[in-house]
Amino acid sequence: MATSLVQQGFFSILRWRNDVVRDEARNVAVVLVDPEGQFGGVKAAPLSRVSPRLHEQGILDAMIVGLQNQFV
């Protein structure tokens, strides 16, 4: 666990767009990292609430777990 105070960080919001034509996207996760990219974290929404079918396919689940593993 990091003990130093980081003065600056960067974030990105991961969005899922189920239907490109309707252009309705849902926020599914937030990724936060320090300037060097060494420390960070991912906070994800429950994917079953975003889309039950998306959760069953496991595509986005695998991507979010991969992002989380970068900061372990």
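Biologist: How many salt bridges does a search of the whole structure find?
Modeller: One. Keep in mind that this is a predicted model.

Biologist: Which side chains meet in that salt bridge?
Modeller: Those of Glu 24 and Arg 22. The N to O distance is 3.2 Å.

Biologist: Is Arg 22 buried or exposed?
Modeller: Exposed, at 54% relative accessible area. The cut-off for that class is over 50%.

Biologist: And what does Glu 24 count as?
Modeller: Partly exposed. Its relative accessibility is 48%, and that class lies between 20% and 50%.

Biologist: Back up a bit. What is the mean pLDDT of the chain?
Modeller: The mean is 83. Of the residues, 92% reach 70 or more.

Biologist: Which element has the lowest mean pLDDT, and which the highest?
Modeller: Helix α2, residues 52-57, is lowest with a mean of 72. Strand β3, residues 40-44, is highest with 91.

Biologist: What should I keep in mind where pLDDT is low?
Modeller: Predicted coordinates should not be read in detail there.

Biologist: Now the fold. What pattern does the chain follow along the sequence?
Modeller: It reads β-β-β-α-α-α. That is three strands and three helices. The radius of gyration is 14 Å, well over the 11 Å that the globule rule gives for 72 residues, so the chain is more spread out than a compact globule.

Biologist: What box do the C-alpha atoms fill?
Modeller: Roughly 45 × 20 × 15 Å, along the principal axes.

Biologist: How many of the 72 residues count as buried, as a percentage?
Modeller: 18% of them. The chain exposes about 5800 Å². Carbon and sulfur atoms supply 54% of that area.

Biologist: What share of the contacts comes from residues 24 or more positions apart?
Modeller: 35%, counting contacts with a separation of 6 or more.

Biologist: Which strands supply at least two residues each?
Modeller: β1, residues 10-17, and β2, residues 25-33.

Biologist: Where does Val 30 lie, then?
Modeller: In strand β2. Val 30 counts as partly exposed, with 37% relative accessibility.

Biologist: Next, Phe 39. Where is that one?
Modeller: Phe 39 sits in the loop between β2 and β3. It is partly exposed, with a relative accessible area of 41%.

Biologist: How far is Phe 39 from Arg 26, C-alpha to C-alpha?
Modeller: 26 Å. The two are 13 residues apart along the chain.

Biologist: What does Leu 54 touch, leaving out residues up to four places away in sequence?
Modeller: Trp 16, Ile 59 and Leu 60.

Biologist: How far apart are the C-alpha atoms of Leu 54 and Asn 18?
Modeller: 9.0 Å. Along the chain, Leu 54 and Asn 18 are 36 residues apart.

Biologist: Last one. Which helix holds Asp 61?
Modeller: Helix α3, residues 59-69. Asp 61 is partly exposed, at 22% relative accessibility.

Biologist: How far is Asp 61 from Gly 37 in space?
Modeller: 22 Å, C-alpha to C-alpha. In sequence, Asp 61 and Gly 37 are 24 residues apart.

Conventions. Residues numbered from 1 in each chain as written. Predicted model: local features only at pLDDT ≥ 70, side-chain atom pairs only at ≥ 80, totals over all residues. Heavy atoms only, no water. Helix = DSSP H or I, 4+ residues; strand = E, 2+ residues; numbered from the N terminus. Buried < 20%, exposed > 50% of the residue type's maximum accessible area, 1.4 Å probe, protein only. pLDDT = per-residue confidence, 0-100. Rg over C-alpha atoms; globule rule 2.2 N^0.38 Å. Contact = heavy atoms within 4.5 Å. Areas by Shrake-Rupley, 256 points an atom, 1.4 Å probe, with all protein chains shown as cover. Salt bridge = Lys/Arg side-chain N within 4 Å of Asp/Glu carboxyl O.
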